Amino acid sequence: MADPLINVENLQKHFPIRRGVFSRVVGQVRAVDGVSFAIGRRETVGLVGESGCGKTTLGRCILRLIEPDAGSVRIHGQDMLALSGEPLRRFRRHAQMIFQDPYGSLNPRLQVGEAIAEPIRVHGLADRAGAWERAGSLLERVGLARSDLTRWPHQFSGGQRQRIGIARALALEPRLIVCDEPVSALDVSVQAQVLNLLSDLKRELGVGYLFVSHDLAVVSHLCERVAVMYLGE
């Protein structure tokens, strides 16, 4: 790949196994063990494997929601793992995540509009009025109404909440989105709507996806390439 959107090299994350009264380390769980791959612009790479093989851990390590032990994650040539402080905060807007659980991924104390507008303001992309306007546009883009801005997460169905999660992920105009089984908790008819929405957004906005799933039918529908993960490799 001549100019990959993201290039992951030799990424590792091991978790210690502790036992006994003094919690001594007696072994390591090799959740991610030397993983390397690349994703191009407007490309969806599927990541499949059995439960517990390290798929979700890999996705969270890429975004530094979990700090990896070794390796590099380069987005357009910039190593995300080498950044800290303010440079890392600025760079985070380029890589976002859609979480598996549409019920647990939204703050129940924030109105939907505030949940989407907050990262826009935090990153200085717009003032309060501008961020609210953009949040309304994003809701319309994912098939919801601008009037939904002032509603609360518990007032939506699972499929609608996942659409809100997608709108929130798009708020900062990222280059890469990690999709952690984004349709596994949804009904089949709603799954099709969300998958078609992700395909449309990829074509129109040029984002790349790492699509984590255990459903091979979904992967074959959405992904250009597939990586199989087994025991962290």
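This is a predicted model: local features need pLDDT of at least 70, side-chain atom pairs count only at pLDDT 80 or more; totals for chains, interfaces and linings use all residues.
Residues are numbered from 1 along each chain as its sequence is written, and side-chain values use heavy atoms, with hydrogens and water left out. Local features need pLDDT of at least 70 and side-chain atom pairs count only at pLDDT 80 or more, whereas totals for chains, interfaces and linings use all residues.

The largest nonpolar core contains 37 residues; a nonpolar core is a set of buried Ala, Val, Leu, Ile, Met, Phe, Trp, Tyr and Cys residues joined through side-chain atoms within 4.5 Å. Ile 116, Ile 164, Ile 166, Leu 198 and Phe 211 touch the most other members of this core. At least two core residues come from each of several elements, including helix H3 (112–122), helix H6 (188–205) and strand S8 (208–212). Helices (H or I, at least four residues) and strands (E, at least two) are DSSP runs, numbered from the N terminus. Apart from this core lies another, of 28 residues, with Ile 6, Phe 37, Ile 75 and Met 229 among them. Leaving out residues up to four places away in sequence, Ile 166 is in contact with Ile 98, Val 142, Val 194, Leu 197, Leu 198 and Leu 201, where contact means heavy atoms within 4.5 Å.

Thr 44 belongs to strand S3 (residues 44–48). Thr 44 has a relative accessible area of 0% and is therefore buried (under 20%; exposed is over 50% and partly exposed in between, with a 1.4 Å probe and protein chains only). Beyond neighbours within four places in sequence, the contacts of Thr 44 include Tyr 209, Phe 211 and Leu 222. The side chains of Thr 44 and Lys 202 are joined by a polar contact of 3.2 Å (a pair of N or O atoms within 3.5 Å; within protein, one must be able to donate a hydrogen and the other to accept it, and residues adjacent in sequence count only if both atoms are side-chain atoms).

The largest pocket holds about 340 Å³ of space. On a 1 Å grid over the protein atoms alone, a pocket is an open set of points where a 1.4 Å probe fits, with protein on both sides within 12 Å along at least five of seven lines, and lining residues have an atom within 4 Å of a point. A volume is the space filled by probe spheres set on the points, which are joined across faces, edges and corners. Of the 14 lining residues, Leu 65, Ala 95, Gln 96, Met 97 and Phe 99 are the closest to the centre. Strand S6 gives the most to this lining, with three residues.
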